[in-house]
Protein chains: 2
Amino acid sequence: MRSVPALGRRRQRRSAEREKSIRAAALRIFRQKGYHAASMQNIADAVGLYKGSLYYYVSSKEELLVRLFEGRADQVLGEIRATAGGTGTCTEQLRAMVRAYVRGVLRNLDSVRVYLREEHVLPPAALRQVHAEQRTMRDLFEGVIGQGMRDGSFVGTDPKLAALALLGMCTWVHRWYRPRGRLTETAIADDFAERAIRMLSV
Amino acid sequence: MRSVPALGRRRQRRSAEREKSIRAAALRIFRQKGYHAASMQNIADAVGLYKGSLYYYVSSKEELLVRLFEGRADQVLGEIRATAGGTGTCTEQLRAMVRAYVRGVLRNLDSVRVYLREEHVLPPAALRQVHAEQRTMRDLFEGVIGQGMRDGSFVGTDPKLAALALLGMCTWVHRWYRPRGRLTETAIADDFAERAIRMLSV
DNA sequence: GCTGTTCTACCGAACGGTCGTTTGGTATAT
DNA sequence: ATATACCAAACGACCGTTCGGTAGAACAGC
């Protein structure tokens with residue numbers, strides 16, 4: 001399609017970078033102050049624009065929030081789905097799943113924090129989307145735990161409750177983890193994986 | 001003190017009831033919509049007053065929020081402190097502590113939900129207060145876990161991480177518990193207590 | 001390579017609306 | 001008569017969003 005003038009590669013690139021920096025600033029500021037307390041002015045200041053100019057890149061404050069979650073869970077969900085559907089004992093599968101989940105939380109700290117706090121701000125469609133992702137995640141853990149209970153790998157009779165306990169332990173790291181703290185991501189993930197197995201064994 | 005006219009017992013009682021109903025409505029609405037999205041008008045509507053009239057009972061919206069947490073942790077903290085300082089093996093102590101903690105969360109669902117979401121809105125003094133309570137709680141669990149690790153009741157070497165894992169699992173119930181759901185408070189508390197012990201044993 | 005045109009990226013001010021809070025007044029109970 | 005409990009309106013501040021305008025880069029025709 002030669003007819004489209006391609007509007008100048010440099011401009012296109014700079015514009016894309018601006019948009020990314022706006023989203024990054026929004027994520028950071030939403031996390032720091034919360035969605036409602038954060039103003040478009042705050043975000044504009046952070047990227048060096050007037051607040052009105054943000055609307056050249058973004059259609060609304062709400063859209064800015066919604067976009068922050070889009071596709072964010074895909075990678076982790078993919079890893080965990082593959083593990084749960086793959087080979088290996090239930091114990092091995094669950095260990096790998098917990099490790100993947102914890103690392104997923106730790107690598108998306110800001111998004112997780114914002115989402116858990118601002119869930120009620122999302123418009124219905126976006127809310128359904130993230131709820132579906134959460135449910136899928138829970139079902140995957142529940143499935144492996146249930147299978148382990150049936151084949152004798154794990155003890156107990158309520159895989160649903162066990163999954164909630166386990167996911168709670170893992171999700172909660174977003175509240176206390178500090179990137180330059182005493183514990184590395186791997187150390188936490190490994191420890192929690194072991195703890196999850198023990199929690200389900202006699 | 002006969003000189004004070006005691007301002008009419010009935011009035012006093014009705015006024016106190018009004019104040020309580022305002023706080024109750026505020027708690028409910030803050031939980032439903034979040035602090036910033038909830039308006040004084042919403043609260044006024046819920047109790048059948050004009051929003052300006054709320055200021056006869058309350059000095060500001062922020063004060064309304066702060067008061068919702070005052071003394072809320074005292075009962076649970078007291079129970080747990082007594083258990084941790086009492087007799088019994090580490091296993092017995094921890095079991096009782098987890099049960100008390102989970103029941104504390106379940107019995108103060110709205111406050112817990114509001115606090116965890118609106119922590120950043122609290123003024124510095126109130127924030128220090130709740131942070132201190134959290135730290136105390138963590139220290140109590142950490143202490144018993146550490147003792148258990150030293151005397152061989154529990155395995156592992158990092159009581160701090162173990163306490164965080166455990167408290168995460170227990171605190172997270174506030175996200176999924178539904179009062180008229182399948183599981184009773186006691187069932188959850190007992191299950192989690194056992195799970196906590198297993199998580200710390202070989 | 002130059003010139004006129006178009007379009008991009010952003011400015012700067014304004015707008016409409018909402019919100020927390022204040023205030024002056026009033027009916028009722030004491 | 002006096003203090004209480006509440007009304008009803010207004011105020012000032014702030015916020016998300018809109019909009020007319022513009023400097024300068026990119027492009028078209030020569």
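This is a predicted model: local features need pLDDT of at least 70, side-chain atom pairs count only at pLDDT 80 or more; totals for chains, interfaces and linings use all residues.
Student: Let's start simple. How many helices and strands does chain A have?

Tutor: Read chain A along its sequence and the pattern goes α-α-α-α-α-α-α-α-α-α. In numbers, that is ten helices and zero strands.

Student: What share of the residues of chain A count as buried?

Tutor: To count as buried, a residue needs 20 or more other C-beta atoms within 10 Å of its own. Chain A has 202 residues, and the share of them that counts as buried is 34%.

Student: How much of the contact in chain A, at a separation of 6 or more, comes from residues 24 or more positions apart?

Tutor: First picture the space: the C-alpha atoms of chain A fill a box of roughly 65 × 45 × 35 Å along the principal axes. Within chain A, take the contacts with a separation of 6 or more; the part from residues 24 or more positions apart is 70%.

Student: Now the DNA. Which helix gives the largest share of the surface near DNA strand C?

Tutor: There are 21 residues around DNA strand C, and the closest are Ser15(A), Gly52(A), Ser39(B), Gly52(B) and Ser60(B). Helices supplying at least two residues each are H1 (9-33) of chain A plus H1 (9-33), H2 (40-47) and H3 (61-67) of chain B. The largest share is three residues, and it comes from H1(A).

Student: And how many charged residues does the surface near DNA strand C have?

Tutor: Sort that surface by class and you get six nonpolar and eight polar residues. The charged residues near DNA strand C number seven.

Student: How far is the C-alpha atom of Arg11(A) from that of Leu122(A)?

Tutor: Along the chain, Arg11(A) and Leu122(A) are 111 residues apart.

Student: How are H4(A) and H7(A) oriented to each other?

Tutor: H4 (residues 74-85) and H7 (residues 124-150) of chain A pack at an angle of about 25 degrees, with axes 10 Å apart. Angles under 35 degrees count as roughly parallel. Therefore H4(A) and H7(A) are roughly parallel.

Student: What kind of crossing do they make, and which residues of H4(A) are in the contact?

Tutor: H4(A) passes H7(A) in a left-handed crossing. On the H7(A) side, the contact uses Glu133(A), Thr136(A), Met137(A), Leu140(A), Gly143(A) and Val144(A). By class, the contact of H4(A) with H7(A) has six nonpolar, two polar and two charged residues. From H4(A) come Leu77(A), Ile80(A), Arg81(A) and Ala84(A).

Student: What about H1(A) and H6(A): how are they oriented to each other?

Tutor: H1(A) and H6 (residues 109-118) of chain A pack at about 55 degrees, and their axes are 9 Å apart. H1(A) passes H6(A) in a left-handed crossing. With that angle, H1(A) and H6(A) are therefore oblique.

Student: How many charged residues are in the contact of H1(A) with H6(A)?

Tutor: Leu27(A), Arg28(A), Phe30(A) and Arg31(A) of H1(A) meet Asp110(A), Ser111(A), Arg113(A), Val114(A) and Glu118(A) of H6(A). By class, three are nonpolar and one is polar, while the number of charged residues is five.

Student: Over to chain B. How does H5(B) lie relative to H7(B)?

Tutor: H5 (residues 90-107) of chain B packs with H7(B) at about 155 degrees, with the axes 9 Å apart. Angles over 145 degrees count as roughly antiparallel. So H5(B) is, relative to H7(B), roughly antiparallel.

Student: Last one: which helix of chain B gives the largest share of the side that touches chain A?

Tutor: 22 residues of chain B are in contact with 22 residues of chain A. On the chain B side, H8 (159-171), H9 (173-176) and H10 (185-199) each supply at least two residues. By class, that side has eleven nonpolar, six polar and five charged residues. The largest share, six residues, comes from H8(B).

How values were computed: Residues are numbered from 1 along each chain as its sequence is written. Chains are lettered from A and ligands numbered from 1 in the order in which they are written. Helices (H or I, at least four residues) and strands (E, at least two) are DSSP runs, numbered from the N terminus. A residue is buried if 20 or more other C-beta atoms lie within 10 Å of its own, exposed if 12 or fewer, and partly exposed in between; C-beta atoms are placed from the backbone. Two residues are in contact if their C-beta atoms, placed from the backbone, lie within 7 Å. A residue is near a molecule or strand if its C-beta atom, placed from the backbone, lies within 6 Å of it. Ala, Val, Leu, Ile, Met, Phe, Trp, Tyr, Cys and Pro count as nonpolar, Asp, Glu, Lys and Arg as charged, and the others, Gly among them, as polar. Axes are lines fitted to C-alpha atoms, for helices over the stretch in contact, and angles run from 0 to 180 degrees between N-to-C directions. Angles under 35 degrees count as roughly parallel, over 145 as roughly antiparallel, 65 to 115 as roughly perpendicular and the rest as oblique. A crossing is left-handed if the near helix is turned anticlockwise from the far one by less than a right angle, and right-handed if clockwise.
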